[in-house]
Amino acid sequence: MEPGGETSWLVSARQRRRLERRSVLERITSNGTISALVMIVAAVAAVICANTDAFFALHDWFMQPVTVAIGGWEFSLSFELFVNDFLMAIFFLLVGIELKYEMTVGELRRPRQAMLPMLAAVGGVVVPATIYAVLNRGGAVYGWAIPMATDIAFALGVLSLLGSSVPPAIKVFFSTLAIADDLLAIAAIALFYGHAPSLVWLAAAAVVTILLVVLNRRRHFRLAPYLALGLVLWFCLFQSGIHATLAGVILAFTIPARSDINAGSLVSWLGSKLPELDDRFDDESHILGQHDFTHAVRGVERVMHRVTPPLQRLEHYISTPVNFLILPLFAFVNAQVRLVGVDPLSLVFDPVALGTYLGMLLGKPIGIVGVTFVLVKVGLADLPKGVRWPHIVGVGILGGIGFTMSILISGLAFTEIPAELLASKTAILAASVSAALIGLAYMHVVCRGKKR
């Protein structure tokens with residue numbers, strides 16, 4: 001119900017003001033720019049704290065255990081692992097929901113339209129990884145996947161700062177590219193950044209996945225069984241050595257994207273219920289005493305609640321916590337870049353820092369623009385309507401914003417090498433900021449010039 005709309009007379013003035021405040025809050029929490037700014041603030045706060053005496057207290061706090069105990073059984077992991085492995089699995093769940101949405105009703109369901117941004121994403125992965133690998137040959141080459149990821153929330157948040165001057169087709173192109181990019185990053189984490197897998201726990205994870213698929217096939221539309229099995233799946237993957245955040249993606253793809261209500265018959269059914277509700281309502285009695293009326297209303301409520309597909313309901317439940325709690329917390333925990341006592345020149349010329357920075361800032365636009373150019377010139381694809389080559393260059397530059405996924409991969413790549421982890425995180429922050437500022441300025445000039 002929209003406050004102040006045609007149905008505003010149904011509620012009191014006090015309730016209407018409450019709904020208006022809630023509407024404002026929902027607009028704020030659904031704004032990609034605001035959520036990106038919150039994550040930036042968290043990262044900046046982390047860098048500031050890391051270079052003060054607060055760093056040591058924070059480090060001790062991050063190492064504190066988070067324990068779950070049931071009877072005589074208990075499971076414990078550090079707060080840092082809790083954020084990076086468990087809370088980020090919820091972020092991956094949201095990423096998986098977005099992927100499934102695009103594959104069901106979005107651009108990814110049209111192979112020809114999706115082919116151009118998806119293959120451009122491949123170029124935006126291969127070229128940065130190659131730049132990193134060349135600069136680190138014979139050294140810390142294991143971090144090759146760090147510069148390949150685009151932070152979809154951060155990058156789209158920056159793009160949204162340009163407002164309506166950006167052609168809608170560019171936003172669709174960039175969204176599809178970023179989602180495909182995320183899919184490739186997830187595959188890289190699964191294949192190359194886990195520990196030696198335990199076959200027993202992998203088999204257990206496979207059994208849980210089969211149970212999730214069976215639930216989907218048997219058309220169970222309640223979220224609770226899926227979420228319970230999702231927790232079990234996370235635990236199995238965590239014990240198996242495969243990065244446990246992948247449980248979020250697997251869970252997303254097994255949650256039903258359909259409604260268990262026949263939408264085509266809903267309107268006529270509601271029409272048949274209106275006379276019944278009208279007959280049972282007595283405007284002279286207190287609502288608590290109108291049992292027949294409230295019973296009929298509950299029946300309508302149960303049906304209406306089931307109209308929204310479980311996948312969409314879950315997205316609504318977790319999107320705000322992910323964007324305004326989990327991602328800022330992840331940024332604060334993982335952007336602890338302590339530069340006190342570090343030689344700036346040695347850090348700048350560290351091969352890991354150079355490979356990461358150049359891979360993100362140069363490799364991304366080269367790969368994205370290069371593959372797009374080849375595909376268009378050979379006639380395998382066409383630029384979307386309203387999109388020009390300067391726009392594609394801007395998308396390539398903004399693709400270098402790789403904050404969340406890149407930091408996650410750097411933590412997996414350099415678990416035992418603090419110096420290389422520091423170099424990679426510093427370069428990730430520097431490259432993401434550089435790509436955001438350069439891309440924003442460039443797209444502002446390009447879009448403004450087109451508008452004129």
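Me: How many helices and strands does the secondary structure of the protein come to?
Reply: This is a predicted model, where local features need pLDDT of at least 70, side-chain atom pairs count only at pLDDT 80 or more, and totals for chains, interfaces and linings use all residues. Residues are numbered from 1 along each chain as its sequence is written, and side-chain values use heavy atoms, with hydrogens and water left out. Helices (H or I, at least four residues) and strands (E, at least two) are DSSP runs, numbered from the N terminus. Counted that way, the protein has 18 helices and two strands.

Me: What is the radius of gyration of the protein?
Reply: The radius is taken over C-alpha atoms, and the globule rule to hold it against is 2.2 Å times the number of residues to the power 0.38. For 452 residues that rule gives 22 Å, and the protein comes close to it, so it is as compact as a globular protein of that length. The radius of gyration itself is 25 Å.

Me: What percentage of the 452 residues count as buried?
Reply: Buried means under 20% relative accessible area, exposed over 50%, and partly exposed in between (1.4 Å probe, protein chains only). By that cut-off, the buried share of the protein is 45%.

Me: Which helix do the buried residues of α12 pack against?
Reply: Helix α12 covers residues 291–305, and its buried residues are Phe293, Ala296, Gly299, Val300 and Val303. Seen down the axis of α12, they fall within an arc of 125 degrees (using the directions from the helix axis to the C-beta atoms), so they line one face of the helix. On the other side, His291 and Arg302 are exposed. Going by contacts, meaning heavy atoms within 4.5 Å, the buried residues of α12 pack against α11 (263–280).

Me: How far does helix α9 reach from its first C-alpha to its last?
Reply: Helix α9 runs over residues 223–240, which makes 18 residues.

Me: Which residue just after α9 takes a positive phi?
Reply: Inside α9, the buried residues include Leu223, Tyr226 and Trp234. Their cover includes β2 (73–78), α4 (79–104), α8 (199–217), α10 (246–254) and α13 (310–334). Just past the helix, a positive phi of about 100 degrees turns up at Gly241.

Me: How many disulfides does a search of the whole structure find?
Reply: A disulfide is a covalent bond between the sulfur atoms of two cysteines, and here it is taken as a pair of cysteine sulfur atoms within 2.5 Å. Cys236 is buried, at a relative accessible area of 5%, and Cys447 is buried too, at 1%. As for disulfides, the search of the whole structure finds zero.

Me: Is Thr426 buried or exposed?
Reply: Thr426 sits in helix α18, residues 418–451. Leaving out residues up to four places away in sequence, Thr426 touches Val337, Leu339 and Leu347. Its relative accessibility is 18%, so Thr426 counts as buried.

Me: What is the distance in space between Val369 and Ile397, C-alpha to C-alpha?
Reply: Val369 belongs to helix α15, residues 351–377. Not counting residues up to four places away in sequence, Val369 touches Ile392 and Val393. Val369 and Ile397 are 28 residues apart in sequence, and in space their C-alpha atoms are apart by 9.5 Å.

Conventions. Expected span 1.5 Å × (residues − 1).
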